[in-house]
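Here is a short briefing on one protein chain. Keep the sequence and the 3D view open as you read.

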Amino acid sequence: MKGKDADSNLLHSSMRDEGGGRREYSRFIMSLSSKQRAYLSGLAQSMRPIIQIGKQGLNDPIKTSVRQALDARELIKISLLQNTDETVHEVAATLEEEIGAETVRKIGRVIILYKPSSKKENRKLSAKVKLI
């Protein structure tokens with residue numbers, strides 16, 4: 001981000017547990033600005049969903065596919081089929097928590113996710129996003 005310290009763009013993630021208390025997670029997630037979200041949404045507009053979640057829900061093989069796709073592309077679309085029992089909000093929250101991806105936008109039954117790649121050769125998009 002321009003003119004800002006890199007650490008100021010990070011948020012500590014937390015979630016409420018069953019007892020009403022807060023569980024703190026040691027990982028940090030990047031918080032996207034509205035301009036960054038708008039840029040990523042524009043790029044994702046022409047993309048097709050590459051992962052579909054059906055009646056088996058968000059299981060481990062799908063989470064692995066999401067991790068691999070984000071590592072290769074940094075920006076992906078996921079669609080929820082009509083026969084799934086999960087909601088868009090549940091799936092997005094689970095993927096944010098377990099994978100560390102950032103939800104760019106939820107449109108109907110489609111989720112747009114962004115996560116900078118862990119491989120240097122795949123970090124083409126994240127360099128542009130940082131400059132915004």
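What share of the contacts in the chain with a separation of 6 or more comes from residues 24 or more positions apart? The figure is 61%. The model is predicted. The chain averages a pLDDT of 83.

**Overall layout**

- The chain has four helices and six strands.
- Along the sequence, these elements follow the pattern β-β-α-β-α-β-α-β-β-α.
- Of the 132 residues in the chain, 33% are buried.
- The accessible surface of the chain comes to about 8,300 Å². Carbon and sulfur atoms account for 50% of that surface.

**Confidence**

- A pLDDT of at least 70 is reached by 77% of the residues.
- Residues 1–29 are another matter: pLDDT stays under 50 there. The model has 43 contacts beyond four places in sequence for this stretch.

- Helix α1 covers residues 34–44, and its buried residues are Q36, L40, S41 and A44. These residues sit on the same side of α1, because they cover an arc of only 135 degrees around the axis.
- Exposed S34 and K35 are carried on the face of α1 turned away from its buried side.
- S41 is a residue of helix α1. Its relative accessible area is 10%, so S41 is buried.
- Beyond its neighbours within four places in sequence, S41 touches V104 and R105. Both contact partners of S41 can be picked out in the 3D view.
- Q45 lies in the loop between α1 and β3 (51–53). With a relative accessible area of 64%, Q45 is exposed.
- Q45 and K77 are 32 residues apart along the chain. Their C-alpha atoms are separated by 9.4 Å.

**The loop between β3 and α2**

- Q56 is found in this loop, between β3 and α2. Is Q56 buried or exposed? Q56 is exposed, because its relative accessible area is 67%.
- The side chain of Q56 makes a polar contact with the side chain of N59, at 3.5 Å.
- The C-alpha atoms of Q56 and E86 are separated by 9.5 Å. Along the chain, Q56 and E86 are 30 residues apart.

- Helix α2 runs over residues 60–73.
- I62, K63, V66, A69, L70 and D71 are buried in α2.
- The cover over the buried residues of α2 includes β3, β4 (75–80), α3 (88–99) and β6 (110–114).
- E74 follows α2, in the loop between α2 and β4.
- Phi of E74 is positive, near 75 degrees, and E74 is not a glycine. Most residues other than glycine have a negative phi.
- Buried or exposed: which is E74? E74 counts as buried, because its relative accessibility is 1%.

- The twelve residues of α3 should span 16 Å at 1.5 Å a residue. The end C-alpha atoms of α3 are 16 Å apart, which agrees.
- V88, V91, A92, L95 and I99 are the buried residues of α3. They lie on the same side of α3, because their arc around the axis is only 100 degrees.
- An α-helix has 3.6 residues a turn, so residues three or four places apart point the same way.
- Elements covering the buried residues of α3 include β3, α2, β4, β5 and β6.
- G100 follows α3. Its phi is positive, near 85 degrees.

**T103 in strand β5**

- T103 is in strand β5, which covers residues 102–107.
- T103 counts as buried because its relative accessibility is 8%.
- Which side chain makes a polar contact with the side chain of T103? The partner is E96, at 2.6 Å.
- E96 is also among the residues in contact with T103 beyond four places in sequence.

Note on methods
Residues are numbered from 1 along each chain as its sequence is written. This is a predicted model: local features need pLDDT of at least 70, side-chain atom pairs count only at pLDDT 80 or more; totals for chains, interfaces and linings use all residues. Side-chain values use heavy atoms; hydrogens and water are left out. Helices (H or I, at least four residues) and strands (E, at least two) are DSSP runs, numbered from the N terminus. Buried means under 20% relative accessible area, exposed over 50%, partly exposed in between (1.4 Å probe, protein chains only). A polar contact is a pair of N or O atoms within 3.5 Å; within protein, one must be able to donate a hydrogen and the other to accept it, and residues adjacent in sequence count only if both atoms are side-chain atoms. Contact means heavy atoms within 4.5 Å. The arc is that of the directions from the helix axis to the C-beta atoms. pLDDT is the predictor's confidence in each residue, from 0 to 100. Accessible areas come from the Shrake-Rupley method with a 1.4 Å probe; for residues, only the protein chains shown count as cover. The expected span of a helix is 1.5 Å times one less than its number of residues.
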